[in-house]
Amino acid sequence: MEMTGEQLIPLPQQRVWEALNDPAILKACIPGCESIEKISDTEYKVVMTAAIGPVKAKFNGKLLLADLNPPHSYSIAFEGSGGAAGFGKGAAQVSLLPEGNGTRLTYKATASVGGKLAQIGSRLIDGVAKKMADDFFARFNATVAPAIGPAAAPTGEERRGVPAWEWVAGGIVLLLLILFLIRRA
């Protein structure tokens with residue numbers, strides 16, 4: 001699966017970078033996230049519960065950050081397991097660019113899944129991933145920029161590509177982090 005997208009966040013680039021690398025903020029923003037534990041400066045352990053159609057499971061995963069270029073970009077590699085529900089792995093590239101008074105976050109993610117999740121129709125998985133990504137960005141914007149108010153839903157132009165693994169969500173990562181874990185599982 002491959003997915004690309006972008007989101008305008010009403011905060012300066014440095015603040016968005018800091019928030020995307022704050023486990024407490026990510027935990028609060030990722031739907032179904034139970035914990036995000038920082039193992040090292042570049043590795044995180046994530047536990048979350050997700051339901052995709054008839055499959056509901058707790059997923060355990062790892063996120064590895066690489067190619068760090070603060071506050072501009074980084075790469076994320078992830079893998080997750082939901083026991084009998086399945087597993088997944090993938091990667092994402094995230095970049096932040098100043099735009100007006102805000103920051104344009106863009107991402108490209110690829111992922112593969114196995115087990116029961118691979119047997120569920122891609123439309124159902126894509127729909128769940130899209131909803132999780134939309135929920136993540138709404139929560140993220142409300143958490144990091146509450147004085148500005150809730151962000152507008154992404155437009156079709158802001159949501160480019162095949163809506164498949166938005167998680168991380170995404171996100172991203174680490175919004176994409178959680179969204180990725182769900183897609184991966």
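Asp67 is found in strand S4 of the predicted model. Helices (H or I, at least four residues) and strands (E, at least two) are DSSP runs, numbered from the N terminus. Asp67 has a positive phi of about 50°, although it is not a glycine. Asp67 is exposed, because its relative accessible area is 60%. Here buried means under 20% relative accessible area, exposed over 50%, and partly exposed in between (1.4 Å probe, protein chains only). A cis peptide bond joins Pro70 and Pro71, with omega at about -15°. Pro71 belongs to the loop between strand S4 (55-69) and strand S5 (73-81).

Residues are numbered from 1 along each chain as its sequence is written. Because the model is predicted, local features need pLDDT of at least 70 and side-chain atom pairs count only at pLDDT 80 or more, while totals for chains, interfaces and linings use all residues; side-chain values use heavy atoms, with hydrogens and water left out.

The chain contains five helices and eight strands. From the N terminus on, its elements run β-α-α-β-β-β-β-β-β-α-α-β-α. Of the 185 residues of the chain, 51% count as buried.

Strand S7 (residues 102-114) pairs with two other strands described here. Two strands pair if DSSP finds at least two bridges between them. Strand S1 (residues 2-9) and S7 run in the antiparallel sense over eight bridges. Glu6 has Thr106 as its bridge partner in S7. Strand S6 (residues 87-99) and S7 are also antiparallel, over 13 bridges. Leu96 has Leu105 as its bridge partner in S7. The hairpin of S6 and S7 has two residues between the strands. In this hairpin, Gly100 takes a positive phi near 60°.

Thr103 lies in strand S7. Thr103 is buried, because its relative accessible area is 0%. Its side chain makes polar contacts (pairs of N or O atoms within 3.5 Å; within protein, one must be able to donate a hydrogen and the other to accept it, and residues adjacent in sequence count only if both atoms are side-chain atoms). The side chain of Thr103 reaches the backbone oxygen of Leu11 at 2.6 Å. The side chain of Thr103 also reaches the backbone nitrogen of Gln13, at 2.9 Å. Contact in the wider sense means heavy atoms within 4.5 Å. Neighbours within four places in sequence aside, Thr103 is in contact with residues including Gln7, Leu8, Ile9, Pro12 and Val16. Leu96, Leu97 and Pro98 are also among them.

The largest nonpolar core has 38 residues. Such a core is a set of buried Ala, Val, Leu, Ile, Met, Phe, Trp, Tyr and Cys residues joined through side-chain atoms within 4.5 Å. Ile76, Leu105 and Phe140 have the most contacts inside this core. Helix H4 (residues 122-144) gives the most to the core, with five residues. In soluble globular proteins, nonpolar side chains tend to be buried together.

The structure holds three aromatic pairs. Rings of Phe, Tyr and Trp (its six-membered ring) pair if their centres lie within 6.5 Å; planes under 30 degrees apart count as stacked, over 60 as edge-to-face and the rest as tilted. The rings of Phe136 and Phe137 have their centres 5.6 Å apart and their planes at 75°, so this pair is edge-to-face. The rings of Phe136 and Phe140 have their centres 5.5 Å apart and their planes at 20°, so this pair is stacked. Phe136 and Phe140 both lie in helix H4, four residues apart, about one turn of the helix. Phe136 counts as buried, because its relative accessibility is 0%. Phe137 also counts as buried, at 3% relative accessibility. Phe140 is buried as well. Phe136, Phe137 and Phe140 form one aromatic cluster.

The structure holds zero disulfides. A disulfide is a pair of cysteine sulfur atoms within 2.5 Å. Cys29 is in no disulfide, and the nearest cysteine sulfur, that of Cys33, is 9.8 Å away. For Cys33, the closest cysteine sulfur is in Cys29, so the distance of 9.8 Å is too far for a bond. Cys29 is buried, with a relative accessible area of 0%. Cys33 counts as buried at 12% relative accessibility.
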